[in-house]
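Hi there,

Here is the structure I promised to pass on to you.

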Amino acid sequence: MKRSIKKVAVLGSGVMGSRIACHFANVGCEVLLLDIVPKEAEESKDKKARNKLVDDALNFALKSNPSPIYSKKFVSRISTGNMTDDMSKIADADWIIEVVVERLDIKQIVFNNVEKYRKPGSLITSNTSGIPIHMMLEGRSEDFQKNFAGSHFFNPPRYLKLLEVIPTPKTDASVVEFLMDYGSRVLGKTTVLCKDTPAFIANRVGVYAIQDLFHTVAKMGLTVEEIDKLTGPAMGRPKSATFRTCDVVGLDTLVHVANGVKDNCPNDERREVFEIPSFVSKMVENKWLGSKTGQGFYKKVKNADGKSEILVLDLNTLEYRSQERVKFATLEAAKQESDLGKRTKILFSGKDKAGDFYRSVFTGVFQYVTNRIPEISDELYKIDDALKAGFGWEMGPFETWDAIGFEKVIAKMEELGKKPAQFIYDMQAKGITSFYKIENGNRLYYDINEQTYKVIPGTEELISLATLRETNTVWHNSDVHIIHLGDGILNVEFHTKMNTIGGGVLEGINKAIDLAEKEPQYKGVVISNEGENFSAGANVGMIFMMAVEQEYDELDFAIRAFQNTMMRLRYSSIPVIVAPHNLALGGGCEMCLHADKVIAHAETYTGLVEFGVGLIPGGGGTKEFALRNHDDLKEGDMRINNLRNRFLTVGQAKVGTSAYEAFELGYYREGIDEVIVSRAHQLAYAKQVCLNMANKGYQQPAKRKDIVVYGNEGLGIVYVGAHSMWSGKYISEHDKLISEKLGYVLCGGDLSQPTEVSEQYLLDLERRAFLELCAEKKTLERIQSILQTGKILRN
């Protein structure tokens, strides 16, 4: 049968259930969220009282930060109820997800009720993190059994990309195939097919790694802040590193998983690692569980000066103290290297205590994962995928091993008494010295059973710039690679720090458009990259240097070049698609504003944020908001309200916290730009859209000369509003000046009546205002503050 998921029932509204419900609403599903009737309302007939538990849980989730929902408008897709009065409503559900308390007896009761009401063929999955999936099948019907599997989401479901799919021997193969594809394509997850083993894959290895660190701390005499410095971004792990992550997740949760592995894996050769260290046991006893109890490994307090301070736990005395600065020679050497693979080699080769730590930690994990094959997975890439998507590791264990060097790691493991599993020596004997390789633009993994390299399943239709860069680069400079994606579509990939936009990036964009316009084998251009962020904006440091040196002619040339490049995106003779992800701020946002079409990843944070550094958008962003204000032209007061909304979006540096919010703020265009939830599928889809536009017969647009601006009518509103905010001490005098400059451009300058103007007229106004603000001392102070501290100075 061809499945279509339109309605989803989520049974259990706790931390996970309510947020899973939100994510299904995010992707367009109609969601029914149910929970039990509160004890005090069991005899009540009042619906509100009987639904209090589920309603409170959902409201709590919706108020949480970061938000589990892409847009407040999507909340209407979720309806609530209770399992006593509303269970019959699951008959309409295409997918029923159980997310109740981790007790098999309670889950069985829930499944008994599910059997009464579900329609034949509907999917049923459990979000359990520890109970064996096959144990839930007892007493279930044949149809239930073949449509049932585990679906383990990680918290928070919107943001953590892992979805572990755990079938039972009775699960129909088509169900597994559907869950893997739907999870990836629609829910935007990295779907990992797991065996029904304790803690599945990610928690089995991830919690082992944390537990091993707990024990390593004691052995090596390291402190909490030292461990978090060593195990954060330096080694490709999240900023929360180890102990901050424990505080966020909850120490009780980690202890629960560790005990589950210890109790259910008697043959695990590293079972002793899952023993809870004495300092952790004492913390659990004291209810120092982390964020949920107000203190864990860290504790926020007010110091003697009345300022907030984050104290750290001394693991020897179990008393909180001020944090101490961490410094290791190995870290100092490694931070000079931006490439994680090369940096990892430096960490592994360190000659100090940090180097000893890294060698101990890496080799321990390497030994553990080799011994988990074939127990938890037959394929090594699944372990890497699970750790990256579930724990935020930039490289999985086998990828890390490849980066350090196959033979080098084996030698060190043997030296430390941590010999790997036999299959590693079998690989060595065959002359196989890497777990992955790139061949013909595809990334292959080493299949241990068949002793050969294979394409990673599910990646055949995806596009990876990393795998194409070596063979398909047609032009490059120090900031940009232009890569042929196939079928005549070029991709502009930039890789500066934070993917900021300077002269090198602009040169690359213009070169790609030149090639696509002049060379017959090319048809269009996509702008996307695989960095952490699409772009954090223009190179502010470059602007600061030119402004400080008062090189205004050079600055004018640079801004003019930026504007001209943005205009070329729109007015070239070939289609240009921009595919942003994560941060698309300032100049990155302006790039989106000028594309023929934007294919935005759902987790794109888009905004014109120049006001925060004392400037207005100068790369065509202010011009574009004036143009879009005209295209949204309203009559009478509505017309001024529309202008006010546009002004406030830029003036308050509003950032959409999802691609959908960016539509609401006017950064993306309804009916033109699109959102895709799957980051993995984004580039392939953007390429196909670009190709379709070219094949359809792309026509170069004519430059706009019909933009109606309001002149003095609009300026009056802007100036009065800015003066009122300044008089009330809501904004500084410098903010007032920026507001007036912004309004001046949006309104088309000092015009006596509404007037039609061209885009170039507005660009000239925009550039002049930008340059005038660059000459302001207060602007330079703001930029310098951001460059030095990363914080905006409100002067």
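Predicted model: local features only at pLDDT ≥ 70, side-chain atom pairs only at ≥ 80, totals over all residues.

Now the overall form. A compact globule of 795 residues would have a radius of gyration near 28 Å, and the protein has 28 Å, so the two agree. Along the principal axes, the C-alpha atoms fill a box of roughly 80 × 70 × 70 Å. Of the contacts with a separation of 6 or more, 70% are between residues 24 or more positions apart.

The protein exposes about 34100 Å², and 51% of that comes from carbon and sulfur atoms. As for charges, there are 99 positive and 105 negative ones, and their mean positions lie 2 Å apart.

In soluble globular proteins, nonpolar side chains tend to be buried together. The largest nonpolar core in this model has 113 residues, and V114, F297 and Y358 have the most contacts inside it. Helix α7 (residues 202–220) gives the most to this core, with 10 residues. If you zoom in on Y358, you will find that it touches L230, A234, M235, T330, L331 and L347, leaving out residues up to four places away in sequence. There is also a second, separate core of 78 residues, with A512, A584, Y667 and I738 among them.

Enjoy exploring!

Best wishes

How values were computed
Residues numbered from 1 in each chain as written. Heavy atoms only, no water. Rg over C-alpha atoms; globule rule 2.2 N^0.38 Å. Contact = heavy atoms within 4.5 Å. Areas by Shrake-Rupley, 256 points an atom, 1.4 Å probe, with all protein chains shown as cover. Lys, Arg positive; Asp, Glu negative; His and termini not counted. Charge placed at Lys NZ, Arg CZ, Asp CG, Glu CD. Core = buried A, V, L, I, M, F, W, Y, C linked by side-chain atoms within 4.5 Å. Buried < 20%, exposed > 50% of the residue type's maximum accessible area, 1.4 Å probe, protein only. Helix = DSSP H or I, 4+ residues; strand = E, 2+ residues; numbered from the N terminus.
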